[in-house]
Amino acid sequence: MSVVVTGATGHLGKLVIASLLDSGVPAAGIAAVARSKEKAAEFEARGVEVRIADYDDPQSLAAAFRPGDRVVLISGSEVGRRVPQHGAVVDAAKAAGVAQLAYTGALGGPEADFALADEHKVTEQLILDSGLPYTFLRNGWYSEVYTENLAPVLASGEVVTNAGDGRVSSAARADYAAAVAAVLTGEGHLNTVYELSGDSAWSFDEYAAELSRQTGSTIVHRSVSEAEHTAIFVGIGLPQPFAEILAGVDTAISRGLIAGTSGDLARLIGRPTTPLADSIAAALAS
């Protein structure tokens, strides 16, 4: 039996494996599922087993899992293609007879009525229909979504959203990774749903103010309409459909759908979640 991390070479996957190792799981008891050995070389160097498979290749996934494995399906990044990709993973996990399939979905589950959450809701249903023991980790927003590319914000002096005075209960990506490690190695998490988010929610006015405080520059929040924001995204080269999805996220924020603070994340990881100010400081220092 291994603890298996799919999407292991992505931002979250790497942090999950690091968290597993930090929590004392032997490297030999961890399997990293990756598209190529080259991408997973850093894991192999640490003694982690590498299993080569691709979400788009169901045949390759047949060799990714073993009976009794505890698996996390880290959601794919290719919006619009994730249902068949995730479905292939679920089918392979069922065929292998894994002991647990955790899934990183969207905060709110069925109540998340914005387009970016649609594929997550379908995936959860696929997992339920499979009959596999599951753990749903409904992730809220990563603070890094906002902090990992600050250059345009600092250059323009503006945070542009169509979120109005809506609030975001974000946490650091490492916090969510620690939660994955906790449910894959602990007991009592089967057939359970966790709504994961930061301990407190912040507004974009507050975000801009914190950026101003830490940089010594004046950063303001400029609120625009959903249509205007969509046009801005298209103007920087994003495809229209994806631009609409991103602006739709801000509209969801304006309606309070990303502001929940259930406390599940802090309870799973056994500590407070990382404050937004700390994530901003880390980004500015990098």
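Aromatic cluster and helix packing

Ring pairs link Tyr146, Trp202, Phe204 and Tyr207 into a cluster. This is a predicted model, in which local features need pLDDT of at least 70, side-chain atom pairs count only at pLDDT 80 or more, and totals for chains, interfaces and linings use all residues. Residues are numbered from 1 along each chain as its sequence is written, and side-chain values use heavy atoms, with hydrogens and water left out.

Student: How many aromatic pairs does a search of the whole structure find?
Tutor: Rings of Phe, Tyr and Trp (its six-membered ring) pair if their centres lie within 6.5 Å. A search of the whole structure on that basis gives nine.

Student: Are the rings of tyrosine 146 and tryptophan 202 stacked or edge-to-face?
Tutor: Planes under 30 degrees apart count as stacked, over 60 as edge-to-face and the rest as tilted. The two ring centres are 5.4 Å apart and the planes stand at 85 degrees, so the pair of tyrosine 146 and tryptophan 202 is edge-to-face.

Student: How many residues apart are tyrosine 146 and tryptophan 202?
Tutor: Helices (H or I, at least four residues) and strands (E, at least two) are DSSP runs, numbered from the N terminus. Tyrosine 146 lies in helix H6 (residues 144-147) and tryptophan 202 in strand S10 (residues 202-203). The pair thus links distant parts of the chain, and the separation is 56 residues.

Student: Is tryptophan 202 buried or exposed?
Tutor: Buried means under 20% relative accessible area, exposed over 50%, and partly exposed in between (1.4 Å probe, protein chains only). Tyrosine 146 has a value of 15% and is buried. The relative accessible area of tryptophan 202 is 7%, so this residue is buried.

Student: Are H4 and H5 roughly parallel or roughly antiparallel?
Tutor: Axes are lines fitted to C-alpha atoms, for helices over the stretch in contact (heavy atoms within 4.5 Å), and angles run from 0 to 180 degrees between N-to-C directions. The axes of H4 (residues 82-96) and H5 (residues 118-130) come within 10 Å and cross at roughly 20 degrees. Angles under 35 degrees count as roughly parallel, over 145 as roughly antiparallel, 65 to 115 as roughly perpendicular and the rest as oblique. H4 and H5 are therefore roughly parallel.
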